[in-house]
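Please look over the sequence and the model before reading on. The report below goes from the whole chain to single residues.

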Amino acid sequence: MGYRLAEGSISMSKNESGEEWHLVLIATGSRQVSIPNISETLEKQVFLTGYQLSFARN
């Protein structure tokens, strides 16, 4: 994928509307998936009411 989840960075909360995710992805050597593509994929998840996606360099 080109990114890995930063250790200890994921936070999820849930309410009657659905789930909200907060996570940090760290770029690795080869990025085959773009940042907008990851966001688009998260947007399509029906169980998510929101997300906050941050990126960092290794």
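This is a predicted model: local features need pLDDT of at least 70, side-chain atom pairs count only at pLDDT 80 or more; totals for chains, interfaces and linings use all residues.

Residues are numbered from 1 along each chain as its sequence is written, and side-chain values use heavy atoms, with hydrogens and water left out.

**Overall picture**

The protein has one helix and four strands. Helices (H or I, at least four residues) and strands (E, at least two) are DSSP runs, numbered from the N terminus. Read from the N terminus, the order is β-β-β-α-β. Along the principal axes, the C-alpha atoms fill a box of roughly 40 × 25 × 10 Å.

The protein has 58 residues, and 28% of them count as buried. Buried means under 20% relative accessible area, exposed means over 50%, and partly exposed lies in between (1.4 Å probe, protein chains only). The protein exposes about 4300 Å², with carbon and sulfur atoms supplying 48% of it. Those areas come from the Shrake-Rupley method with a 1.4 Å probe; for residues, only the protein chains shown count as cover.

Contact means heavy atoms within 4.5 Å. Of the contacts with a separation of 6 or more, 61% are between residues 24 or more positions apart.

Charges come next. There are 5 positive and 6 negative side chains, and the centres of the two sets lie 12 Å apart. Lys and Arg count as positive, Asp and Glu as negative; His and the chain ends are not counted. Each charge is placed at NZ of Lys, CZ of Arg, CG of Asp or CD of Glu.

**The helix and its cover**

Helix H1 spans residues 35-43, and its buried residues are Ile38, Ser39 and Leu42. They cover an arc of only 100° around the axis, so they sit on the same side of H1. The arc is that of the directions from the helix axis to the C-beta atoms.

Leaving out residues up to four places away in sequence, isoleucine 35 touches Tyr3 and Phe55. Serine 34 lies in the loop between S3 and H1. Serine 34 is partly exposed, at 37% relative accessibility.

Serine 9 lies in the loop between S1 and strand S2 (11-15). Is serine 9 buried or exposed? It counts as buried, because its relative accessibility is 18%. Neighbours within four places aside, serine 9 is in contact with His22, Leu23 and Val24. A polar atom of the serine 9 side chain lies 3.3 Å from the backbone nitrogen of valine 24.

Histidine 22 is in strand S3. At 26% relative accessibility, histidine 22 counts as partly exposed. With neighbours within four places again left aside, histidine 22 is in contact with Ser9, Ile10, Ser11 and Gln52. The side chains of histidine 22 and glutamine 52 make a polar contact (3.1 Å). A polar contact is a pair of N or O atoms within 3.5 Å; within protein, one must be able to donate a hydrogen and the other to accept it, and residues adjacent in sequence count only if both atoms are side-chain atoms.

**C-alpha distances**

| Pair | Apart in sequence | C-alpha to C-alpha |
|---|---|---|
| Serine 9 and serine 54 | 45 residues | 9.7 Å |
| Histidine 22 and leucine 53 | 31 residues | 6.0 Å |
| Isoleucine 35 and leucine 53 | 18 residues | 9.3 Å |
| Serine 34 and alanine 6 | 28 residues | 17 Å |
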